[in-house]
There are 2 protein chains.
Amino acid sequence: MTPDSEDPRWLTAEQRLAWLDMVRVLTRLPATLDAQLERDAGLSFFEYHVLSMLSEVPSHTLRLSRLAQLTSSSLSRLSNVVKRLEGRGLLRREPDPDDGRASRAVLTAAGTDAVERAAPGHVTAVRELVVDPLDPAQLSQLHAAHERILGRLDPASSSRPEWLET
Amino acid sequence: MTPDSEDPRWLTAEQRLAWLDMVRVLTRLPATLDAQLERDAGLSFFEYHVLSMLSEVPSHTLRLSRLAQLTSSSLSRLSNVVKRLEGRGLLRREPDPDDGRASRAVLTAAGTDAVERAAPGHVTAVRELVVDPLDPAQLSQLHAAHERILGRLDPASSSRPEWLET
DNA sequence: AGCGAATAGTTCAAGCGTCAAGTAAATTGG
DNA sequence: CCAATTTACTTGACGCTTGAACTATTCGCT
């Protein structure tokens, strides 16, 4: 791949304003959700997300590599977080019987409790900050835009999540 | 432990999918932009943003507190980053003549160079990932959604950024 | 089979961000 | 006009993320 020869197609004024507002959302929204969860439940947004993904799967069990995909995280980051969460008793690791290389994370009872205690406040925050200020049409437009963006961010896996056995 | 459904107003299936896709964008987009800038220009996205804000102001000078607002960062984080950028010669700090407590960041020639070298690749990435996959109507809908979200994130300053001074 | 490559995960050092505390200057209020 | 408060920033300790190894297993090819 050539280092794309200058394509100075600058942004139009409108595009630039749209982008700058997106950057604001991109930085403030995660920070706000993090603060809420940390304050009310002692979890970072990422930790919550990990536990939440586990809780949504019937077996409460996922391989780390899948958990990494689901949370858009590196295996390294996930490995560290899983170790800490295990230390706190919110989940445990066990070897995958089908693949000697793999590990599974299993939500414990304490972990289930923690997500269930954290969820209402988190959902309230998501509603307040994102869902409620938009009418249904706007939310679905936002969703469509995100799907298109994700198509560019990850051309590989944008070919649909066949999994997610809710 | 759900005290009979209604209190936390759970998300509908559609809202939940929209939110999960937003979370993916929220985590992957900054990571991707960071990687591109770091690889091609040796700057983090945040560093680029700081330099870029300075370069857009005629005097190439801003008070740190204003720079913090413009980049949605804490003063503490900004202070650290400014110190590092100063060490690399991309900007310098000087006391504000009008207020003994304040400091100003001033872009140096090397800093101007750095932004100008980094900008084309960054803009290309932003176009590829966000602007191009959306048609103009979608982009403006996205912008509208972000404005509403920002209204909730920061009720105070959502009253127009009247900047471009100093 | 068997060997090289890919996959799954862990770990460690380095760097960055955050929060709490600290300094210094300006503003407010009595 | 002085004390209390607020504003503007800086610093230091601590925790988290990253990226580069490194180990252990499984896959893919011939």
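In the predicted model, 20 residues surround DNA strand C, and the closest of them are A:Ser65, A:Ser79, A:Arg93, B:Arg77 and B:Gly100; a residue is taken to be near a strand if one of its heavy atoms lies within 4 Å of it. Because the model is predicted, local features need pLDDT of at least 70 and side-chain atom pairs count only at pLDDT 80 or more, whereas totals for chains, interfaces and linings use all residues. Residues are numbered from 1 along each chain as its sequence is written, chains are lettered from A and ligands numbered from 1 in the order in which they are written, and side-chain values use heavy atoms, with hydrogens and water left out.

Of the atoms of DNA strand C within 4 Å of the protein, 75% belong to sugar or phosphate and the rest to bases. Helices and strands are DSSP runs numbered from the N terminus (H or I, at least four residues, for helices; E, at least two, for strands). On this basis, α3 (64-70) and α4 of chain A, together with α4 of chain B, each supply at least two residues of the surface near DNA strand C, and the largest share, five residues, comes from α4(B). This surface divides into four nonpolar, eight polar and eight charged residues, where Ala, Val, Leu, Ile, Met, Phe, Trp, Tyr, Cys and Pro count as nonpolar, Asp, Glu, Lys and Arg as charged, and the others, Gly among them, as polar.

DNA strand D is surrounded by 21 residues, with A:Arg77, A:Arg101, B:Ser65, B:Ser79 and B:Ser103 the closest. Sugar or phosphate accounts for 71% of the atoms of DNA strand D within 4 Å of the protein, and bases for the rest. A phosphate oxygen of DNA strand D is 2.7 Å from an N or O atom in the side chain of A:Arg77, while backbone atoms take part at A:Gly100, where the distance is 2.8 Å, and at B:Ser103, where it is 2.7 Å. At least two residues of the surface near DNA strand D come from each of α4 (75-87) of chain A and α3 (64-70) and α4 (75-87) of chain B. By class, this surface has four nonpolar, nine polar and eight charged residues.

Chain A itself comprises six helices and three strands, which follow the pattern α-α-β-α-α-β-β-α-α along the sequence. Of its 166 residues, 46% count as buried, that is, under 20% relative accessible area with a 1.4 Å probe and protein chains only. Contacts (heavy atoms within 4.5 Å) between residues 24 or more positions apart make up 51% of those in chain A with a separation of 6 or more.

Key. A polar contact is a pair of N or O atoms within 3.5 Å; within protein, one must be able to donate a hydrogen and the other to accept it, and residues adjacent in sequence count only if both atoms are side-chain atoms. Buried means under 20% relative accessible area, exposed over 50%, partly exposed in between (1.4 Å probe, protein chains only).
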